[in-house]
Amino acid sequence: MSNSKAKVEHVVVPGTFDPVTLGHLDVIMRARRLFGQVTVAVAASVGKRGTGPSFSLGERVEMISEALAAEGVDDVEVKPFSGLLVDFCRAEGADAVVKGLRAMTDFEYELQQADLNCHLAPELESVFVMSSPEYGYVSSSIVREISSMGASVQMLVPPNVNERLKERFGGAARE
Ligand code: PNS
């Protein structure tokens, strides 16, 4: 017997994406396989700030859009947001938030955010997908850090992001 009322149709994949990595793209693509409509929400504020300079909100949105277009993905919207994630999700009419989990170290942080979001918007579900093993160690802060030190990150980010990082940090020592 079908339970059509229980379907999650529209999901938001939020993050700071500073910059977007292959791990993020993996989560976005998996959300796209699971749900009917996917919106990527790029936070204006930077949460888990690591080392190295950050990209502007416009650049972060642009890099994700370019990377998705390069993969031939034209059915995922990429939008900036400021303020609370739950307000953005309500305005978008989204049913759930999708995030990736890499390791136990992510769990506590993500649980805290999911609990808070649940308190603020009980109707909004949080759904987690386990990151693919090859991206378990990939993070934006690691990309910024090793890129700023001149090492290649081409195995960690989409080609357009690699180009931006080369522009920013210089490409001589990389590749
Ligand atoms: O890439 P990140 O650091 O995991 O993304 C964190 C993000 C942007 C999803 C989170 O910081 C967020 O939702 N920020 C918006 C402000 C908000 O709603 N805060 C309350 C929930 S933590």
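## Aromatic pair

Phe81 is buried, at a relative accessible area of 10%. This is a predicted model, and every value here is computed from it. Phe88 is buried too, with a relative accessible area of 11%. Buried here means under 20%, so Phe81 qualifies at 10%. Phe88, at 11%, falls under that cut-off as well.

How many aromatic pairs does the count give? The count comes to one. It is formed by Phe81 and Phe88, and its geometry is tilted. A pair of aromatic rings is described by the distance of the centres and the angle of the planes. For Phe81 and Phe88 the centres lie 5.3 Å apart. The planes make an angle of 40°. That angle is neither under 30 degrees nor over 60, so the pair counts as tilted rather than stacked or edge-to-face.

## Overall fold

The chain holds six helices and five strands. Read from the N terminus, the order of elements is β-α-β-α-β-α-β-α-β-α-α. The chain has 175 residues, and 42% of them count as buried.

Contacts can also be sorted by sequence separation. Take those with a separation of 6 or more: 74% join residues 24 or more positions apart.

## The loop between β1 and α1

Phe17 lies between β1 and α1. Its phi is positive, near 50°, and Phe17 is not a glycine. Phe17 is also buried, with a relative accessible area of 2%.

Asp18 sits in the loop between β1 (10–15) and α1. Is Asp18 buried or exposed? It counts as buried, because its relative accessibility is 1%. What does Asp18 touch, leaving aside neighbours within four places in sequence? Its contacts are Val46, Ser54, Phe55, Arg60, Ser140 and Arg144. One of these, Arg60, is a buried residue of α2.

Pro19 belongs to the loop between β1 and α1. The peptide bond joining Asp18 and Pro19 is cis, with omega about 0°.

## Helix α2

Helix α2 covers residues 57–70, 14 residues in all.

Which residues of α2 are buried? They are Arg60, Val61, Met63, Ile64, Ala67 and Leu68. These residues cover an arc of only 160° around the axis, so they lie on the same side of α2. An α-helix has 3.6 residues a turn, so residues three or four places apart point the same way. On the other side of α2, Ala69 and Ala70 are exposed.

What covers the buried residues of α2? The cover includes two helices, α1 (22–34) and α6 (159–169). It also includes two strands, β2 (37–43) and β3 (76–81). Gly72 follows α2, and its phi is positive, near 80°.

The buried residues of α6 are Asn160, Val161, Asn162, Arg164 and Leu165. Their cover includes α2 and α5 (140–148). α6 is in turn part of the cover over the buried residues of α2. Just after α6 comes Gly170, with a positive phi of about 90°.

Which ring lies under the charged end of Arg168? It is the ring of Phe55. The charged end of Arg168 is 4.2 Å from the centre of that ring. Phe55 is also among the contacts of Asp18.

## Asp87 and Asn117

Asp87 lies in helix α3 (residues 85–92). It counts as partly exposed, because its relative accessibility is 42%. Asp87 and Asn117 are 30 residues apart in sequence. In space, their C-alpha atoms are 10.0 Å apart.

## Cysteines

How many disulfides does the count give? The count comes to zero. Cys89 is buried, with a relative accessible area of 1%. Cys118 is partly exposed, at 41%.

Technical notes: Residues numbered from 1 in each chain as written. Predicted model: local features only at pLDDT ≥ 70, side-chain atom pairs only at ≥ 80, totals over all residues. Heavy atoms only, no water. Phe/Tyr/Trp six-rings, centres within 6.5 Å; stacked < 30°, edge-to-face > 60°. Buried < 20%, exposed > 50% of the residue type's maximum accessible area, 1.4 Å probe, protein only. Lys NZ or Arg CZ within 6 Å of the ring centre and 35° of its normal. Helix = DSSP H or I, 4+ residues; strand = E, 2+ residues; numbered from the N terminus. Expected span 1.5 Å × (residues − 1). Arc of directions from axis to C-beta. Contact = heavy atoms within 4.5 Å. Disulfide = S-S within 2.5 Å.
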